[in-house]
Amino acid sequence: MQASISLSATSHSSPAIARSDRSVEFINTNALKPVNLRFCGLRREALGFCALKRSGSRSAVLSGRRSSSRELSASLSQNGVSSKGFDYDLVIIGAGVGGHGAALHAVEKGMKTGIIEGDVVGGTCVNRGCVPSKALLAVSGRMREFQNEHHLKALGLQVSSAGYDRKGVADHANNLASKIRSNLTNSMKALGVDILTGVGTILGPQKVKYGKVGFSDNIITAKDIIIATGSVPFVPKGIEVDGKTVITSDHALKLESVPDWIAIVGSGYIGLEFSDVYTALGSEVTFIEALDQLMPGFDPEIGKLAQRVLINPRKIDYHTGVFASKITPAKDGKPVTIELIDAKTKEPKDTLEVDAALIATGRAPFTKGLGLENINVETQRGFVPVDERMRVIDKNGNLVPHVYCIGDANGKMMLAHAASAQGISVVEQVGGKDHVLNHLSIPAACFTHPEISMVGLTEPQAREKGEKEGFEVSVAKTSFKANTKALAENEGEGLAKLIYRPDNGEILGVHIFGLHAADLIHEASNAIALGTRIQDIRLAVHAHPTLSEVLDELFKSAKVSSVSSPIREPVAV
């Protein structure tokens, strides 16, 4: 069922994360039929969709397709042959987006690959994160449009009322997650990745077991091992989660209710997105933030603008500089109670009574039970320590041969697409090609209405770096109010901000708040990844009228010295 919107026109306990209690299952499928192979932003070369070299003849294009098909067939056939003395070339523990990306890239490289999953394929992103949340946000965006009488009137539209069917909205999110999960599973099966169902544990160098309690374990060997077990919602001490009135994002995505008044603990990405959903569906929201300002992870200037648009006009109030020291679920007719204390003095501040509370205080790595002690590794706050190449480091500071960790489990950058990029980088390395991922080139986005996106450094971070390394930092800005496409949509509220070095044109960071900001950021992130200078990218041509011209004007407005010094190679962080 799709999300249902009716219009009348006029003139930390997380059961969903628990490792599988299913029987151990071994799947080995080597089907050759083409399917959609890449999802959640992963690449498409596996089916030969990469750009062909320029050619004036149709035969050259067909030849390129036949060549790609032969390469794919070769990869599939090679997945049945592992390195001498091992069951697999590569075994991945965890079949989320990061593990999936690594597995498909490994098969493309001709490696026999197995992936172990103790829950469901897709991990947090597909089942309890970015995929279902985007379905809910798609509904909230449309509801906002239908409810904004001034916006509709400016476009010449008349809508007397807008409503929604809660179950229909929830079904839309659940159905999307199921579809993407199925796509991910089928893509791995089609390429011959062995899906090994059960809990994965490292027994020692190049040896892994998988299975479930009460059943015999399967022991396999692999030339290389990737840990990709992801994360779970972090619930601070003193907070009792019942899954009904005190919930995490795992529960909220099921949308089992829409409370009249909900407190959201934490004002980062997760909290902001859910405030967008709940207020669009009629809830009042109270933010509880430990730091002195809302949205502490964003560039301060962008955060202030976002607060003026996303917080102040809506049914949202907030308490900053406070901890929720104790949260008690609703029971026996009593509401949810939240005890607040001063974040610095720890003195009692206030007690709130609300209908529900959402704990959006971040995520914690899911690394227990991996058998890390068998390879002399100790976690740091739960995270697996790694170097810039995702190689696992033991408690003595030495690299553990043939063991890597990607995604949320290593804590470098807790984003699904970062996990995938790390996985692909590791596969490049085990395939014999050195590769270091520049994390400063990885974009992030918050899918509120309007959206927020960013890549690289914030202005304070850039200025601090400039002071330490002895270079000047400049800032350029452009407004969505000057963009024809944004004005045509009656969505002129927005700002793009460029942080750069005026001496050599190096892009240090780009931050966008406005219509489709999440889509616009990639021109900047790719420029950072490729080391492209402002002097070069400002000459690029953008279609008119499009939102991309916001970035075009941004780069053109930057003042760069005519004599430029070379940009250093990107540094991995």
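These legends accompany several close-up views of a predicted model.

**View 1. Isoleucine 452 and its surroundings.** Let's start inside strand 23 (residues 451-456), where isoleucine 452 is found. Isoleucine 452 has a relative accessible area of 1%, so this residue counts as buried. Beyond its sequence neighbours up to four places away, isoleucine 452 touches Leu272, Phe298, Ile302, Ala306, Leu310, Ala444, Ala445, Cys446, Ile512, Phe513 and Ala517. One of these partners, cysteine 446, is itself buried, with a relative accessible area of 0%.

**View 2. Serine 283 in a loop.** Here we look at the loop between helix 8 (269-280) and strand 13 (284-289), which holds serine 283. Is serine 283 buried or exposed? Serine 283 is buried, at 1% relative accessible area. A polar atom of the serine 283 side chain lies 2.5 Å from the backbone oxygen of proline 259. Proline 259 is also among the contacts of serine 283 outside four places in sequence, together with Val258, Asp260, Ile262, Tyr278 and Lys315.

**View 3. The disulfide of cysteine 125 and cysteine 130.** The count for this model comes to one disulfide, and this view shows the pair that forms it, cysteine 125 and cysteine 130, with sulfur atoms 2.1 Å apart. The link is left-handed, with -130 degrees about the S-S bond. Cysteine 125 is buried at 9% relative accessible area, whereas cysteine 130 is partly exposed at 29%.

**View 4. Salt bridges within helices.** In helix 6 (residues 166-190), aspartate 171 and lysine 167 lie four residues apart, about one turn of the helix. Their side chains meet in a salt bridge, at 3.0 Å from N to O. Aspartate 171 is buried, with 18% relative accessible area, while lysine 167 is partly exposed at 47%. Lysine 465 is partly exposed at 27%, and glutamate 469 is partly exposed at 41%.

**View 5. A network of salt bridges.** How many salt bridges does a search of the whole structure find? The search finds 27. This close-up shows a network of salt bridges linking Asp299, Glu301, Glu459, Arg463, Lys477 and Lys497.

Notes: Residues numbered from 1 in each chain as written. Predicted model: local features only at pLDDT ≥ 70, side-chain atom pairs only at ≥ 80, totals over all residues. Heavy atoms only, no water. Helix = DSSP H or I, 4+ residues; strand = E, 2+ residues; numbered from the N terminus. Buried < 20%, exposed > 50% of the residue type's maximum accessible area, 1.4 Å probe, protein only. Contact = heavy atoms within 4.5 Å. Polar contact = N/O pair within 3.5 Å; in protein donor to acceptor, adjacent residues only side chain to side chain. Disulfide = S-S within 2.5 Å. Salt bridge = Lys/Arg side-chain N within 4 Å of Asp/Glu carboxyl O.
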